[in-house]
Amino acid sequence: YTRGTVTAFSPFDARADAEALRKAMKGMGTDEETILKILTSRNNAQRQEIASAFKTLFGRDLVDDLKSELTGKFETLMVSLMRPAYIFDAHALKHAIKGAGTNEKVLTEILASRTPAEVRNIKQVYLQEYEANLEDKITGETSGHFQRLLVVLLQANRDPDGRVDEALVEQDAQVLFRAGELKWGTDEEKFITILGTRSVSHLRRVFDKYMTISGFQIEETIDRETSGDLEKLLLAVVKCVRSVPAYFAETLYYSMKGAGTDDDTLIRVMVSRSEIDLLDIRQEFRKNFAKSLHHVIQKDTSGDYRKALLLLCGGDDE
């Protein structure tokens, strides 16, 4: 059961799709429309089968051909769709910690939003694919409390959801209150331990209780008491505890708000959530921003890139 906009296409014929793609890229000029229609309407597992049929039939690498025939953001989007789903996050993290400067935004988005099982999978794939330890790579490129919270999240040992112990809820809320609002300077470690290890259902109760005790939403305290990368990561964790789809709706909204679009974020979220919860993200987007995701993409992008994103988006919730 999935809340994605992209599902398995039926009747599916990998060879026929491979042939259509080859025809679209052969000779003079490229038929982008055919490429985007096929790749956005097949799920990731089917795209892998198409790539394998493409190699079998033509002795060519589909991704290499896409890279040589397409350009710009449209190319990035199509190549991202072709990346095997299980590798997607590991690849994004590898590129976020590669070379000059670390892309903290990517580390924050992925590690705050993925489930413990997903994080364990990412670590394993990272080791297999890149022969490197993800935690070592991340600690080598980050520092301070930001690094510590990333390491806690990387342990993927969040308590499983179960019966919530009200006494512990009260205790955690008080600890956070004393560490944040009451203390001169924040005791970040308490925030890191509680937000990084307690179960989601427990934390939702803690946030309610925190509001009762302090008169503030926990987000307001984090906003006031911390700054920089740590603040962004703490806020992302809190938002994902409240609702992962709402977190991604907000991420998409800000990737397109104002001058210029953060296309890397737009592509990463649209591709990585297209088979998981993009329907829920669309719903939250409509509810929280009074416009449909479809409408905002329509307004903010253009060309084949826009066509492909709108097909991934699925419907218009105006």
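This is a predicted model: local features need pLDDT of at least 70, side-chain atom pairs count only at pLDDT 80 or more; totals for chains, interfaces and linings use all residues.
Let me begin with a word that I will need throughout: a residue is called buried when its relative accessible area is under 20%, exposed when that area is over 50%, and partly exposed in between, using a 1.4 Å probe and counting protein chains only. By that rule, 48% of the 318 residues of this protein count as buried.

Residues are numbered from 1 along each chain as its sequence is written, and side-chain values use heavy atoms, with hydrogens and water left out.

Now to the overall build. The protein has 20 helices and zero strands, where helices (H or I, at least four residues) and strands (E, at least two) are DSSP runs numbered from the N terminus. Its radius of gyration is 21 Å, close to the 20 Å that the globule rule gives for 318 residues, so the protein is as compact as a globular protein of that length; the radius is taken over C-alpha atoms, and the rule is 2.2 Å times the number of residues to the power 0.38. Along its principal axes, the C-alpha trace spans about 70 × 45 × 40 Å.

The domain assignment, which is automatic or comes from a database, gives domain 1 (14-85), domain 2 (86-155), domain 3 (166-242) and domain 4 (244-313). The C-alpha centres of domain 1 and domain 3 lie 46 Å apart.

If we take contacts, meaning heavy atoms within 4.5 Å, and keep those with a separation of 6 or more, then 71% of them are between residues 24 or more positions apart.

Let me finish with some details of the backbone. In the segment before α1 (14-25), where P11 lies, the peptide bond from S10 to P11 is cis, with omega near -5 degrees.

Two alanines also deserve a look. A156, in the loop between α10 (144-154) and α11 (166-179), has a phi near 55 degrees, a positive value in a residue other than glycine. A290 is not a glycine either, and has a positive phi of about 55 degrees; this alanine sits in the loop between α18 (278-289) and α19 (293-300). Which of the two terms, buried or exposed, applies to A156, and which to A290? A156 is buried, with a relative accessible area of 3%, whereas A290 is exposed, at 59%.
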